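Here is a short report on one protein model. Keep the sequence and the 3D view side by side as you read.

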Amino acid sequence: MSIFEYDQEKHMQMERKEHYQLGFEDGIVCGMDQGIEQGITSSLLFLLEDLGSLPNELVEKIKETKDKELLYRWIKGAREAKTLEEFAENM
């Protein structure tokens with residue numbers, strides 16, 4: 001075989017390996033983002049529990065929110081709120 005001959009099987013193996021690695025790395029990043037989001041959500045619910053019994057609608061709204069920046073703002077609001085009503089008004 002000369003250096004100009006194309007080895008399709010070797011090329012396909014290299015392609016699969018590269019795509020596997022990229023998919024693996026993307027999966028790690030996605031998992032880390034989900035873990036951070038869940039941690040923020042749990043922290044927010046933990047803070048709000050000090051203000052009283054949480055209505056299911058509020059819990060669901062918080063759990064459905066995927067925007068980390070919004071969740072962080074809500075944590076700040078939960079720290080400053082005196083009541084659940086005050087927190088909900090300022091969401």
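## A threonine in a loop

Thr65 touches Glu37, Leu70, Leu71 and Trp74, leaving out residues up to four places away in sequence. Touching, or contact, means heavy atoms within 4.5 Å. Thr65 sits in the loop between helix 2 and helix 3. Helices here are DSSP runs (H or I, at least four residues), numbered from the N terminus.

Thr65 is buried, at 11% relative accessible area. Buried means under 20% relative accessible area, exposed means over 50%, and partly exposed lies in between (1.4 Å probe, protein chains only). A polar atom of the Thr65 side chain lies 2.7 Å from the backbone oxygen of Lys61.

## About the model

This is a predicted model: local features need pLDDT of at least 70, side-chain atom pairs count only at pLDDT 80 or more, and totals for chains, interfaces and linings use all residues. Residues are numbered from 1 along each chain as its sequence is written, and side-chain values use heavy atoms, with hydrogens and water left out.

## Helix 3 and its two sides

Helix 3 covers residues 68-80, 13 residues in total. From first C-alpha to last it reaches 19 Å, close to the 18 Å expected at 1.5 Å a residue. That expected span is 1.5 Å times one less than the number of residues.

Which residues of helix 3 are buried? They are Leu70, Leu71, Trp74, Ile75 and Ala78. Seen down the axis of helix 3, these buried residues fall within an arc of 145 degrees, so they line one face of the helix. The arc is taken from the directions from the helix axis to the C-beta atoms. Their cover includes helix 1 (8-49), helix 2 (56-64) and helix 4 (84-89). On the other side of helix 3, Glu69, Arg73, Arg79 and Glu80 are exposed.

## The nonpolar core

The largest nonpolar core has 16 residues. Such a core is a set of buried Ala, Val, Leu, Ile, Met, Phe, Trp, Tyr and Cys residues joined through side-chain atoms within 4.5 Å. Helix 1, helix 2, helix 3 and helix 4 each give two or more residues to this core. The largest share, five residues, comes from helix 3. Trp74 and Phe87 are among the residues with the most contacts inside the core.

Leu51 lies in the loop between helix 1 and helix 2. At 24% relative accessibility, Leu51 is partly exposed. Beyond its neighbours within four places in sequence, Leu51 contacts Ala78, Ala81, Lys82, Thr83 and Leu84.

Notes. A polar contact is a pair of N or O atoms within 3.5 Å; within protein, one must be able to donate a hydrogen and the other to accept it, and residues adjacent in sequence count only if both atoms are side-chain atoms.
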